[in-house]
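This report describes a protein model, moving from the whole chain to selected local features.

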Amino acid sequence: RLGITPWMLPPNPNNHVLQAGSQKLGWEWHVIPRNVRGCLNSGYCGMGCPVNAKQSMLVTSIPAALANGAELVHNLRVHKVTFDKSQVNGLQCEALDSAALKPTGVRVTIKARHYILSAGAINTPALLLRSQAPDPHGLVGKHTCIHPVPFTLGVMPDRVDPFYGAPQSIASDHFQWKDGATGPMGYKLEVAPMFPSISASLFGTIGNALKAEMSQLPHMNAMLALLRDGFVDESPGGSIRIDDRGNPIFDYDISDYVWDGVRRAYLSMAEAQFAAGASQVKAVHLDSPYYTSWSQAREGIAGLDLAKFKVSLFTAHLMGGCAMSELEHKGVVNSRGRHHQLENLSIFDGSVFPTSIGANPQLSIYGLTAKNATALAQAIKPTAVASALGPAA
């Protein structure tokens with residue numbers, strides 16, 4: 001349904017930097033699968049595909065569900081899940097304005113035989129906390145993992161135009177499981193598309209200094225590392241809590257274990273960029289200059305003060321907060337996504353991961369949700385629902 005397959009075209013010059021560096025250094029690298037059909041290789045995926053080649057739910061599962069009699073309700077925010085003992089008995093919702101920002105004052109109650117939460121690793125835990133849902137072991141919102149992401153910037157001799165072409169098509173897992181799951185923090189290497197707004201935030205400069213760096217954008221490669229958090233006690237992830245109005249707040253601290261991963265990732269990325277031909281490389285760190293050789297970068301990065309507000313860390317991968325486990329004292333849901341205390345409630349999103357996964361979680365969320373949604377459909381209405389939704393429900 002989603003057209004997931006390894007990208008068949010050559011990588012754009014931005015991704016080729018990682019491929020070339022990995023090949024020269026003898027590191028593992030591979031082509032990333034993409035969920036596209038009829039892709040024009042424009043590179044505008046993150047801002048909305050102009051030709052609907054990206055096989056998102058907007059053009060796949062939602063139309064399929066509507067064709068099978070589903071009703072889509074939009075501009076409606078679920079405020080609370082209401083329950084009686086072990087049964088959810090409704091959703092308290094509020095209608096929003098046309099911009100989906102402000103409540104209109106209209107209240108809506110939704111009732112069903114079974115309820116599925118798919119609000120992600122921030123909003124699903126926040127909804128359960130607002131609802132004061134059963135949580136006897138205090139697990140909701142805990143152990144939220146993010147793949148902390150440090151960057152290095154490499155200036156390449158030829159144009160890479162990092163704003164064009166399929167944005168992520170090459171990755172390297174060379175450092176991912178090198179020391180096992182519980183050794184020093186592992187990481188996956190990828191590159192990022194560099195549009196002007198996000199690029200300006202990477203440089204950490206202002207005024208003429210920023211202008212000078214932005215002028216090099218066509219020659220710039222941004223390499224990133226997905227640090228694999230949540231596998232050891234020194235990397236417990238973060239936590240979700242709610243404020244007085246029920247809005248989610250995310251807390252995440254950085255331990256020495258994580259800082260060690262950041263430094264090693266800086267070194268790996270700089271080495272790969274110089275191996276691919278970069279003339280200069282800098283860490284995305286307020287104290288980092290542009291290094292002009294790998295030996296200079298190795299020495300300089302080793303001496304950087306890794307501290308909050310000096311290192312720029314990013315994330316696009318939110319996992320955990322409603323971890324799955326067959327054991328009630330270790331999980332909010334079981335491995336099928338069924339809530340341990342509320343019998344007619346399931347959670348199908350990235351919040352059920354018990355750790356991060358060391359990879360972009362999109363396809364794993366798709367796969368786990370397809371498996372669990374199909375199992376749920378068969379369990380609650382074996383013939384009609386399973387037949388209507390098919391094997392990828």
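**Overall form**

The model is predicted. Its secondary structure comes to 9 helices and 15 strands. Along the principal axes, the C-alpha trace spans about 65 × 45 × 40 Å.

Of the 393 residues, 44% are buried. Sequence separation of the contacts was also computed: among contacts between residues at least 6 apart in sequence, 70% join residues at least 24 apart.

**The pair H4 and H5**

Two packed helices are described by the angle between their axes and the distance between the axes. Helix H4 covers residues 196–203 and helix H5 covers residues 207–214. Their packing angle is about 125°, and the axes are 10 Å apart. The crossing of H4 and H5 is right-handed.

On the H4 side, the contact is made by Pro196, Ser199, Ala200 and Phe203. H5 contributes Leu210, Glu213 and Met214. By class, the contact of H4 with H5 has 5 nonpolar residues, 1 polar residue and 1 charged residue.

**Two residues with positive phi**

Asparagine 75 has a positive phi although it is not a glycine, and aspartate 161 likewise has a positive phi in a residue other than glycine. The table lists the phi value and relative accessible area of each residue.

| Residue | Phi | Relative accessible area |
|---|---|---|
| Asparagine 75 | about 55° | 25% |
| Aspartate 161 | near 40° | 19% |

Where does asparagine 75 lie? Its place is in the loop between helix H2 (61–67) and strand E4 (76–84). Aspartate 161 lies in the loop between strand E8 (151–155) and strand E9 (170–171).

The accessibility classes follow from the cut-offs. Aspartate 161 is at 19% relative accessibility, so aspartate 161 counts as buried.

Technical notes. Residues are numbered from 1 along each chain as its sequence is written. This is a predicted model: local features need pLDDT of at least 70, side-chain atom pairs count only at pLDDT 80 or more; totals for chains, interfaces and linings use all residues. Side-chain values use heavy atoms; hydrogens and water are left out. Axes are lines fitted to C-alpha atoms, for helices over the stretch in contact, and angles run from 0 to 180 degrees between N-to-C directions. Helices (H or I, at least four residues) and strands (E, at least two) are DSSP runs, numbered from the N terminus. A crossing is left-handed if the near helix is turned anticlockwise from the far one by less than a right angle, and right-handed if clockwise. Contact means heavy atoms within 4.5 Å. Ala, Val, Leu, Ile, Met, Phe, Trp, Tyr, Cys and Pro count as nonpolar, Asp, Glu, Lys and Arg as charged, and the others, Gly among them, as polar. Buried means under 20% relative accessible area, exposed over 50%, partly exposed in between (1.4 Å probe, protein chains only).
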